[in-house]
Amino acid sequence: MVLHNPNNWHWVDKNCVEWSKTYFQSKLIGVTASDSKFSATITKLNSLTGDVDVNQRKGKVISLFDIKVVLDYEGAVDGTEVKGAITIPEIAYDTEEDDYVFEVSITGESKETFPIRAFIRDNLVPQLRTKLAAFGPDLIETHGKDIQHPVTENKSVFTASNQASPIPRSAAASSVSSTSASKSSSAAYNTTTLRLDPVFNTSAAELYTTFLDPGRVTAWTRSPPVKFSPVKGGEYALFGGNVSGKFIDLVENKSIEMSWRLKDWKPGHFANLNIVFDQGQSETKAVVTWKGVPVGQEDVTKHNFEEYYVKSIKLTFGFGAVL
């Protein structure tokens, strides 16, 4: 079997929005509560909007999701029929069970039907909280296996377990020989220039800080940097070392220039990455330009930056709609 992602090292992601709709339909429709005076039952998943992704990074499966769900319900108050909706404006990967917000509306609300709100909050909402809290773990349990190869299929000598012990002499010799041949025979990369223009609903000052503050970087990369020194000449290594380089120039709240490389590029090859923060009236455009990206690496470079920089920053800090 040939693995296109040996040792589950590279970034892989899977979109799970449609699966999430089916999941919530099966888990939430039919949830009910009743007593001698009131009754309420979830009858329909009215809508689900937002983003749901399962990601694999350096052998670890995580989920990133931020969605809005609207549920329809039907019920009764002393025999008077009631219909309405329950809106959950944010179900996110980092939302605690007690932090979910439930907005209860009543179709054609009247003084007779108004008391259903309190009944739903006291009797239906606790059930919904429990089911929503299971979404993240169930998401990873269902889809994690689709983006990771089983450990038994990882045949490379450079697995995590093998790195903890000496590599067999024959394998090490073969690896060194292959690497040496590659260095001596391979020509320099043909390179190209790339540009992205993501827009964030925040100020240039906030966005500049988000890219350079170690605490914020830890939050949106989901793990502490391997190294991170945000000064001219300072080195950085993010995502377990999959991205690394040095800071070349920093203009406060205006721009960040750095050398930048992906781990599987040829040793010593760096692109130049320049991020200019263009402040608008209520938004900031980040003009992102690479010079020196290897030809053939354009798509993976753009995709990884959009997913693991832009999207993650927006999800973590609420800086606007996710791409």
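A helix here is a DSSP run of H or I with at least four residues, numbered from the N terminus. You are looking at a predicted model, in which local features need pLDDT of at least 70, side-chain atom pairs count only at pLDDT 80 or more, and totals for chains, interfaces and linings use all residues. Residues are numbered from 1 along each chain as its sequence is written, and side-chain values use heavy atoms, with hydrogens and water left out.

**Stop one: H6 and H7.** Select residues 204-212 for helix H6 and 214-221 for helix H7. Their axes (lines fitted to C-alpha atoms over the stretch in contact) are 6 Å apart, and the angle is about 80 degrees. Angles run from 0 to 180 degrees between N-to-C directions. Now show the side chains: Glu206, Thr209, Thr210, Phe211 and Leu212 of H6 meet Pro214, Arg216, Val217 and Trp220 of H7, where contact means heavy atoms within 4.5 Å.

**Stop two: H7 and H8.** On the H7 side, pick Arg216, Ala219 and Trp220; they meet H8 residues including Tyr308, Tyr309 and Phe317.

**Stop three: His143.** Next, click His143 in helix H3, residues 135-147. His143 counts as buried (under 20% relative accessible area, with a 1.4 Å probe and protein chains only) because its relative accessibility is 7%. Leaving aside residues up to four places away in sequence, His143 touches Lys14, Cys16, Trp19 and Val54.

Key. Helix = DSSP H or I, 4+ residues; strand = E, 2+ residues; numbered from the N terminus. Buried < 20%, exposed > 50% of the residue type's maximum accessible area, 1.4 Å probe, protein only.
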